[in-house]
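Please look through the sequence and the model below before reading on. The text then takes the strands and the helices in turn.

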Amino acid sequence: MPVETKRIYDDPEPTDGTRILVDRLWPRGLSKEKAGFDLWMKDVAPSTALRKWFDHKPERWPEFQARYREELQGNPALEDLRERIAAGTVTLLYGSRNREFNHAAVLADILQNGI
């Protein structure tokens with residue numbers, strides 16, 4: 001099934017399917033009511049140490065992807081997420097300003113193509 005990614009600050013759309021927040025931290029300046037999500041899966045987000053190391057620096061992107069994929073190996077939350085995408089369209093929500101270099105993009109790739 002399709003896996004999309006979208007900033008949590010973007011307006012929900014009917015085509016989003018199940019909207020799952022995949023950040024460990026709550027997005028700044030956003031109320032839970034306004035967020036418009038169905039589920040918050042903190043356990044599929046990168047560890048705090050990895051998130052801080054990456055710091056959204058594009059030059060660290062290749063290494064970040066490899067480290068994040070390593071972290072996800074054997075993660076039961078990833079299996080739960082796989083089951084959810086088998087049931088229908090899922091949109092992974094993230095708080096990062098960077099639409100290209102963010103963990104949700106890596107996660108979507110893993111869900112569609114494997115680790």
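The structure is a predicted model. Its protein chain has a mean pLDDT of 92, and 98% of the residues reach 70 or more. Among the elements, the lowest mean pLDDT, 84, belongs to helix α1 (residues 32–35), while strand β4 (residues 90–94) has the highest, 96. Where pLDDT is low, predicted coordinates should not be read in detail.

Four strands form an open sheet in the order β1-β4-β2-β3, and their pairing is parallel. Its edge strands are β1 (3–7) and β3, each of which pairs on one side only. I20 has L39 in β3 as its bridge partner.

From the sheet, helix α4 leads on to the helix packing. This helix lies across β1, β2, β3 and β4, and runs at about 135° to β4. Two packed helices are described by the angle between their axes and the distance between the axes. For helix α4 (residues 76–86) and helix α5 (residues 103–113), the axes come within 11 Å and cross at roughly 65°. Angles of 65 to 115 degrees count as roughly perpendicular, and α4 and α5 are therefore roughly perpendicular to each other. The crossing in which α4 passes α5 is right-handed. On the α4 side, the residues that meet α5 are L78, L81, R82 and I85; on the α5 side they are L107, I110 and L111. Sorted by class, this contact of α4 with α5 has six nonpolar residues, one charged residue and no polar ones.

Helix α5 also packs with helix α3 (residues 61–72): the axes of α3 and α5 come within 10 Å and cross at roughly 55°. The two helices, α3 and α5, are therefore oblique to each other. Their crossing is right-handed. The α3 residues in the contact are W61, F64, Q65, Y68, R69 and L72, and those of α5 are H103, V106, L107, D109 and I110. By class, the contact of α3 with α5 has seven nonpolar, two polar and two charged residues.

How values were computed: Residues numbered from 1 in each chain as written. Predicted model: local features only at pLDDT ≥ 70, side-chain atom pairs only at ≥ 80, totals over all residues. Heavy atoms only, no water. Axes fitted to C-alpha atoms, helices over the stretch in contact; angles between N-to-C directions. Parallel < 35°, antiparallel > 145°, perpendicular 65-115°, else oblique. Left-handed = near helix turned anticlockwise from the far one by under 90°. Contact = heavy atoms within 4.5 Å. Nonpolar A, V, L, I, M, F, W, Y, C, P; charged D, E, K, R; others polar. pLDDT = per-residue confidence, 0-100. Pairing = 2+ DSSP bridges.
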